[in-house]
Amino acid sequence: MRLMLVTFSMRAVCGVLVAVAVMLAEPANAASPEVKARAEELYREGAADFKAERYGEASDKFQQAYNLDPSPILLFNLGRAKELSGDAESAISYFQQYRDQGGRDDRVEQYVKDADKGIRKEETRRELADA
């Protein structure tokens, strides 16, 4: 009888663990409709800033939107805004995160090469200035 109770208890524990695992497996970006709406608003504002070549402001808005509702496309947009504002190292980081999260824009490879080229150019400029 005691063995039966232990078996039942282990089954109950396993059932609870499976239920918890399923609940935790929900997407991390399952934001409420209000949060999604605010993220979309920030994205649109960032896109307008980007179009107006205000890349610093654009990346701030894209970052805020990403913090509310993580989406790989926002990482791509952050990468572009950082690259065009001259922050090549951050751009590469965002492009890598974009790819790591399943982003598949074929232009990313070229953007990473361009950003890397910008880093090398800046390093050369610094070396010449220090010489």
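The following exercises, each with a worked solution, concern a predicted model of a protein chain.

**Exercise 1. Determine how many helices and strands the protein chain contains, and state the pattern they follow along the sequence.**

Step 1. The protein chain has 6 helices and 0 strands.
Step 2. Read along the sequence, the pattern is therefore α-α-α-α-α-α.
Step 3. The chain comprises 131 residues, of which 25% count as buried.

**Exercise 2. Identify where confidence in the protein chain is lowest and where it is highest.**

Step 1. Confidence is lowest in helix α1 (residues 2-24), with a mean of 41.
Step 2. The highest value, 98, belongs to helix α3 (residues 55-68).
Step 3. Over residues 1-26 pLDDT stays under 50, and for these residues the model has 0 contacts beyond four places in sequence.

**Exercise 3. Decide whether Asn 77 is buried or exposed, and name its contacts beyond four places in sequence.**

Step 1. Asn 77 is located in helix α4 (residues 72-84).
Step 2. The relative accessible area of Asn 77 is 12%.
Step 3. Residues under 20% count as buried, so Asn 77 is buried.
Step 4. When neighbours within four places in sequence are set aside, Asn 77 is in contact with Tyr 43 and Phe 62.

**Exercise 4. Classify the arrangement of helices α4 and α6, and describe their contact.**

Step 1. The axes of α4 and helix α6 (residues 108-130) come within 11 Å and cross at roughly 30°.
Step 2. Angles under 35 degrees count as roughly parallel, and therefore α4 and α6 are roughly parallel to each other.
Step 3. The crossing of these two helices, α4 and α6, is left-handed.
Step 4. From α4, Phe 76, Arg 80 and Glu 83 meet Val 108, Tyr 111, Asp 114 and Ala 115 of α6.
Step 5. By class, the residues of this contact are 4 nonpolar, no polar and 3 charged.

**Exercise 5. Classify the arrangement of helices α5 and α6, and describe their contact.**

Step 1. The axes of helix α5 (residues 88-100) and α6 come within 9 Å and cross at roughly 155°.
Step 2. Angles over 145 degrees count as roughly antiparallel, so α5 is roughly antiparallel to α6.
Step 3. The crossing of α5 and α6 is left-handed.
Step 4. The residues of α5 in this contact include Ala 88, Ile 92 and Phe 95, while those of α6 include Val 108, Val 112 and Ile 119.
Step 5. The contact of α5 with α6 has 10 nonpolar, no polar and 4 charged residues.

Conventions
Residues are numbered from 1 along each chain as its sequence is written. This is a predicted model: local features need pLDDT of at least 70, side-chain atom pairs count only at pLDDT 80 or more; totals for chains, interfaces and linings use all residues. Side-chain values use heavy atoms; hydrogens and water are left out. Helices (H or I, at least four residues) and strands (E, at least two) are DSSP runs, numbered from the N terminus. Buried means under 20% relative accessible area, exposed over 50%, partly exposed in between (1.4 Å probe, protein chains only). Contact means heavy atoms within 4.5 Å. Axes are lines fitted to C-alpha atoms, for helices over the stretch in contact, and angles run from 0 to 180 degrees between N-to-C directions. Angles under 35 degrees count as roughly parallel, over 145 as roughly antiparallel, 65 to 115 as roughly perpendicular and the rest as oblique. A crossing is left-handed if the near helix is turned anticlockwise from the far one by less than a right angle, and right-handed if clockwise. Ala, Val, Leu, Ile, Met, Phe, Trp, Tyr, Cys and Pro count as nonpolar, Asp, Glu, Lys and Arg as charged, and the others, Gly among them, as polar. pLDDT is the predictor's confidence in each residue, from 0 to 100.
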